[in-house]
Amino acid sequence: MKFAASLKEENVLLNIENLSTKIKTADGTLTVLEDVNFTVEKGEIMAIVGESGSGKSMTINSILKLLPKNLIEEYKGSIEVAGKDVIALNENKMREIRGRRISLVAQNAMTSLDPSYRVGKQIVEIIVEKTNKTKSQAKEKALSLLGQMGIDDPERIFQSYPHQLSGGLRQRVVIAMSLACDPDLIIADEPTSALDPTVQLQVLDLFTKINREFGTAILIITHDFGVVARIAHKVAVMYAGQIVEYGEVGDIIDYPEHPYTQSLLKCIPDMDWIFKEGVHKKPLFQIKGELPNLLELPQGCRFSSRCHLAKEECHVTKPLLLKKQHRYKSNHSVRCVLNERSHER
Amino acid sequence: MKDNTLIEVKGLQKVYGGKKGIFLPTKKVTAVKDVSFSIREGETFGLIGESGSGKTTVGRMILRLIDPTSGSIIYKGQSLMDLSKKEMAALRKEVQIVFQDSGSAFNPRKTIGSQIAHSLLKFGDNPDSQLIRKETIHMLEVVGLRADFYDRYPHELSGGQRQRAGIARALILKPKFLVLDEPVSALDVSVKAQIINLLMELQKEFNLTYLFIAHNLDLVAYFCDRVAVLSKGEVIETSSTMELFKNPKHEMTKKLLSSILTLQGDLGEVYRNRNVI
C-alpha cells in the first residue's frame with residue numbers, strides 16, 4: 001500500500017514501503033520489523049510511538065543503515081530518501097545522506113558528545129567535514145546555532161566540555177549539532193526521556209521552534225503519547241515490529257481505532273480528574289501481559305493475547321494495515337481484524 | 001507527636017566534601033539543606049522534585065544507607081541516629097527499599113530466588129532451607145510472578161518482571177515501611193500502571209507505609225496521599241495531593257505541575273483554562 005500515492009512527489013522526504021528487518025541472535029532470528037510503511041513530508045513533525053521492543057529504534061537504524069551488518073538476516077523493502085533508495089546505497093553514498101540530509105539526535109546526549117573535546121570544536125568539526133566552509137566560518141555558524149537553541153551565552157558553551165553542562169544544555173548542543181548542515185530531516189530518538197519534566201517541555205518546544213523557523217522535518221521517536229500530543233502532526237503507533245495505527249495526531253487521539261492504541265491512551269492519567277472527586281487512589285488502567293517474544297511471534301494479530309476485544313479469528317488471521325474508509329480525506333489506517341470486518345460490511 | 005506518625009524527619013542535612021584532600025580542601029556541596037516532614041502509618045507520602053533536588057539522598061538517609069550530616073530521623077518514637085550498626089541492621093527488617101533501576105539492583109550472577117531468599121536466611125527466624133524456598137516462592141506469587149522465576153537470572157526477566165522481583169525482595173521480611181525510589185521511571189507506560197496497581201494492592205494487603213520518590217508527577221497524583229516538594233535540598237511545600245494539584249502555592253511547584261504532559265496539552269494549559277494559576 002502506498003501512502004505517498006495521494007501526496008505530491010516533490011513534498012516527500014522519506015518514504016518507507018514494506019520494510020522488513022530480521023536480526024540473527026544466538027537464540028534464533030528476531031523479526032524486529034515487518035511490513036513498515038510510512039511517509040514523512042517536508043516541514044512536518046511525525047512521531048513513532050511504542051513501548052520498548054516495539055521496533056521504534058530499529059526503524060531508525062534501518063533508515064540510517066546503522067544495523068549490525070554481520071547480524072542482518074533480512075533487510076528488504078524500500079526506504080526512499082529524496083528519491084534515492086537507501087537499501088541499495090553503499091557506505092560512501094550513505095555518508096552523504098547521514099548528517100547532511102538526515103541527522104540524528106540520540107536519546108542520551110552524553111554518548112553523542114566526546115567527553116575529551118570542547119563542544120564547540122565538535123560542532124565545528126562536523127560543519128567542516130560535511131560542508132565546504134572554513135574553520136572560522138564554521139565557528140560563526142556554530143555560535144549562531146547555539147544562540148538559536150536558546151542558549152544565552154553561546155561563547156561560554158562553545159568553550160565548555162560536555163561534563164560541564166547540564167542535561168538540558170547538552171541536549172541543546174546535540175540539537176544544534178544536528179542542524180549544523182541544514183538537514184531536511186532530523187530524527188530524534190527519545191530526545192527528552194532522560195530529562196526532567198520541566199526541561200523536557202523546553203526541549204520539545206525547541207523542536208517545534210526549529211520546525212517552524214527552519215522548516216526542518218522531524219521524526220521523533222517516543223514512548224509517551226503526551227509528547228506526541230505536544231508536538232507532532234502525524235503519528236505511527238508501533239507494536240512488536242509493526243505499525244498498528246497511523247494517521248493525523250488529532251484523529252488518533254480523538255478516535256483511536258486499534259485496541260492497543262486505545263489502551264495506551266488510557267494508560268496516560270487523565271489530569272482532568274483532579275477537578276473531579278473520588279478518582280484518587282482508584283486502580284490505574286493497565287494492559288495485562290507483556291510484549292510477545294520476537295523469536296516466536298503469534299500466528300495471528302500480535303496484540304491478540306493482550307487484547308480485551310480479541311475474538312477467535314484474531315489469534316489465527318494476520319491483520320493488514322488498512323485505511324479507514326469512513327472519515328473524509330483522512331489518512332487514518334489501522335491493523336486490526338475487527339476493523340477489516342467493519343470494512344466488508 | 002501524633003499517635004499515627006510512623007516516621008518523622010527533622011532538619012535533615014547532608015553536606016558532601018569540605019574535608020581536606022591531598023592538596024586542598026574539597027569543595028563543599030550541600031545536597032540536602034533542611035528537610036523535615038512526617039509520614040503517617042498506612043499512607044503514601046510523595047517526595048517530588050527535579051533531579052539534583054536531593055530526593056534520593058533523603059530517601060537513602062532515612063534508611064541510613066547514607067549518613068546525614070545533621071538532623072534526626074525518628075521511627076516509631078525511636079531515633080535512628082542513636083542506633084548502633086547492629087541495632088540498625090535489625091531494624092532493616094521493618095524498613096526496606098525498592099530501587100529505580102531493577103537491572104543493577106540485582107546481582108547478575110545469582111538467581112532471582114536466591115537473592116530474595118538471602119534476606120530470609122540472614123534475618124529470618126527459621127533457617128530451614130525448604131521453608132525459605134517455599135516462602136520465597138509464595139512471595140513471588142504475591143507480586144504476580146510464577147514459581148519458576150525462582151531459578152531464573154535477572155537478565156532473563158523483562159524490566160517489569162524485575163521490578164516485581166525487586167518488590168518481592170523488599171517485602172519478604174514483612175516490612176512496615178518501604179522507600180520506593182522512582183520504582184516505575186524506567187518502565188514502559190503499560191507496565192508502569194501494572195506496578196503502581198500492584199503497589200496499591202500490596203499496601204492494602206500488608207498495611208504498608210510508602211515513601212514514593214518520583215519525578216513523574218502524573219502518577220503522584222493517583223498514588224500519593226500527601227506530597228512534599230523538594231527544591232535545591234529544601235522542602236518548599238507540603239500538602240495533601242488534592243490540595244497540591246488544585247492549589248499549588250510555590251512557584252517551583254507550579255512549574256513542576258505545568259510540565260506534566262497530558263493529551264489535552266500540558267497541565268499548565270489545563271490550569272490556565274481553569275484559572276488555577
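**First stop: a helix of chain A**

Select helix α4 of chain A (residues 119-130), whose 12 residues should span 16 Å at 1.5 Å a residue, which agrees with the 17 Å between its end C-alpha atoms; the expected span is 1.5 Å times one less than the number of residues, and helices are DSSP runs of H or I with at least four residues, numbered from the N terminus. The model is predicted, so local features need pLDDT of at least 70 and side-chain atom pairs count only at pLDDT 80 or more, whereas totals for chains, interfaces and linings use all residues. Residues are numbered from 1 along each chain as its sequence is written, while chains are lettered from A and ligands numbered from 1 in the order in which they are written.

Within α4(A), colour A:Val119, A:Gly120, A:Ile123, A:Val124 and A:Ile127, which are buried (20 or more other C-beta atoms within 10 Å of the residue's own, with C-beta atoms placed from the backbone). Looking down the axis of α4(A), you will find its buried residues within an arc of 135°, so they line one face of the helix; the arc is that of the directions from the helix axis to the C-beta atoms.

**Second stop: chain A against chain B**

Now show both chains: their contact takes 32 residues from chain A and 33 residues from chain B, two residues being in contact if their C-beta atoms, placed from the backbone, lie within 7 Å. On the side of chain A that touches chain B, α9(A) gives the most, with 5 residues.

Technical notes. Helix = DSSP H or I, 4+ residues; strand = E, 2+ residues; numbered from the N terminus. Buried ≥ 20, exposed ≤ 12 C-beta atoms within 10 Å, placed from the backbone.
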